[in-house]
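Here is a short report on one protein chain. Look at the structure first, then read on.

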Amino acid sequence: MRRAALAVLILAFAFLPALSSHAQQAPSQVSASAPAPPSSAPVSVPPASEKAMRYYRTGNVLWVIGTLWGLLVPTLLLFTGISARMRDAARRAGRNWFFTIAIYGILFTLVMTVLSLPLDYYEGFVRPHAYGLSDQTVAKWWSDEIKGVIVGCIGIALFLWIPYLLLRKSPRRWWLYSGLAAFPLLVLLLFITPIWIEPLFNKFGPMHDKALESQILALADRAGIEGGRVYEVNKSVDTKTVNAYVTGFGGSKRIVLWDTTLAKMSPPEVLYVMGHEMGHYVLGHTWQLIFLGTAVALFGAWVIHLTAGELIARYRDRFGFTELADVASLPLMGLLFGVVSLVISPAALAFGRHVEHEADRFGLEITRDNHDCATAFVKLQQENLSNPRPGLLYKLWRADHPPLGERIDFCNGYRPWETGQPLRYGDKIRK
Ligand SMILES: [Zn+2]
């Protein structure tokens, strides 16, 4: 359920698909002179390898299992009365209203973590190793898992009281106020993520390759982004895949490049990837995704408001609570929000793909490097074991980026500057 409920946020902040590589490539060495002019020959989309298709098909099966499991676990917590017993224990330990909710929230987080542990371990550790996508040690996986649980417990203890207080104070309008409260909470979460949360898991710092850094900063300058906003992170301890992303908000907003990307892509390819990320940065995508997240929270809370009362009236004896304002209702909220997420995710993902397409366009307009755009995505496809032409159901429910085949085609074909046509983002790019 957590996975389904957080899908929208996850898609919001994982802007570029991961990819892995066994390719041995020297660390990027950039000469001071300008790179050779990019080739204008189109790059063809390679067919998916047999291994990639196996990864694709088993990934779909795993997604279905994970989604069903995410709905089944809160259902079991409700119908077995375990949630009501967790509330009783939280009441005995917490005594007052606030601590009862905080302790219940922590118990809930621990129970959900334990019940999803086998699947998380398989998906996060066993499977990437089996496909050669990771060198992570088992100790690092466990330490990240434990840190993640601690962060989750602190977060739920700090914020779970908000909807339950609103439910008590305003039983008719709580969903509206809770949905609106998501807005400042998302801003706060985005602001602290790169400062307090991500450094718990990895080391962030300035780029090591100073020659490439100066090229990236020159590109950033043309996009109107200040120099201190580009970071390198040591993701090689966790994965062989490559990635880059935009995170943070306001003063903490930044572009982060995984060290694996720097090791495996050529400097012009890295520059295109950074051009794409700069698109996210300057085109207001952070704001758009905060609005999207708030709309999803509002809609989810409204559906919960409309449907939960009837379910509680019907199953009150099994659930062991009689009103939504009882914190034992949390698995019911989670279950309903999980169903809502599943239903609206095709629309949310379509919006995400639109945002990614515009970032691809911005990356092309600022670099005008069609060839390295296309070869960067070919590397993504081959090293990431991606299917460049996935099926319709995958595209609707899973694809947070356009399929790589479409992205490569766009890299090849989009060149308005060659025919003197106006650029869509020409006003945001300095010459
Ligand atoms: Zn992106």
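Leu385 sits in the loop between H14 and helix H15 (392–397). Helices here are DSSP runs of H or I with at least four residues, strands are runs of E with at least two, and both are numbered from the N terminus. Leu385 has a positive phi of about 55 degrees, although it is not a glycine. Is Leu385 buried or exposed? It counts as buried, because its relative accessibility is 9%. Buried means under 20% relative accessible area, exposed means over 50%, and partly exposed lies in between (1.4 Å probe, protein chains only).

Arg368 lies in the loop between H13 and H14. Arg368 is not a glycine either, yet it has a positive phi of about 50 degrees. With 37% relative accessibility, Arg368 counts as partly exposed.

## Where the model comes from

This is a predicted model: local features need pLDDT of at least 70, side-chain atom pairs count only at pLDDT 80 or more, and totals for chains, interfaces and linings use all residues. Residues are numbered from 1 along each chain as its sequence is written, and side-chain values use heavy atoms, with hydrogens and water left out.

## The whole chain

The protein chain has 16 helices and six strands. Its radius of gyration is 23 Å. A compact globule of 431 residues would have one near 22 Å, so the chain agrees with that value. The radius is taken over C-alpha atoms, and the globule rule is 2.2 Å times the number of residues to the power 0.38. Along the principal axes, the C-alpha atoms fill a box of roughly 75 × 45 × 40 Å.

Of the 431 residues, 52% count as buried. Now take the contacts in the chain with a separation of 6 or more: residues 24 or more positions apart account for 81% of them. Contact means heavy atoms within 4.5 Å.

## Helix H16 and its cover

Helix H16 (residues 404–413) is mostly covered, with seven of its 10 residues buried. Among the buried residues are Leu404, Arg407, Ile408 and Phe410. What covers the buried residues of H16? The cover includes H11, helix H13 (330–367) and helix H14 (370–383).

## Helix H11

Helix H11 (residues 267–282) has 16 residues. From its first C-alpha to its last, H11 reaches 22 Å, close to the 22 Å expected at 1.5 Å a residue. The expected span is 1.5 Å times one less than the number of residues. H11 is mostly covered too: 14 of its 16 residues are buried. Just after H11, Gly284 takes a positive phi of about 75 degrees.

Val355 is found in helix H13. It counts as buried, because its relative accessibility is 1%. Leaving aside neighbours within four places in sequence, Val355 is in contact with His280, His285 and Gln288. Val355 and Leu262 are 93 residues apart in sequence, and their C-alpha atoms are 24 Å apart in space.

Val187 lies in helix H8 (residues 174–197). Val187 is buried, with a relative accessible area of 17%. Which residues does Val187 touch, not counting those up to four places away in sequence? They are Phe249 and Ile290. The C-alpha atoms of Val187 and Thr286 are separated by 9.5 Å, and the two residues are 99 residues apart along the chain.
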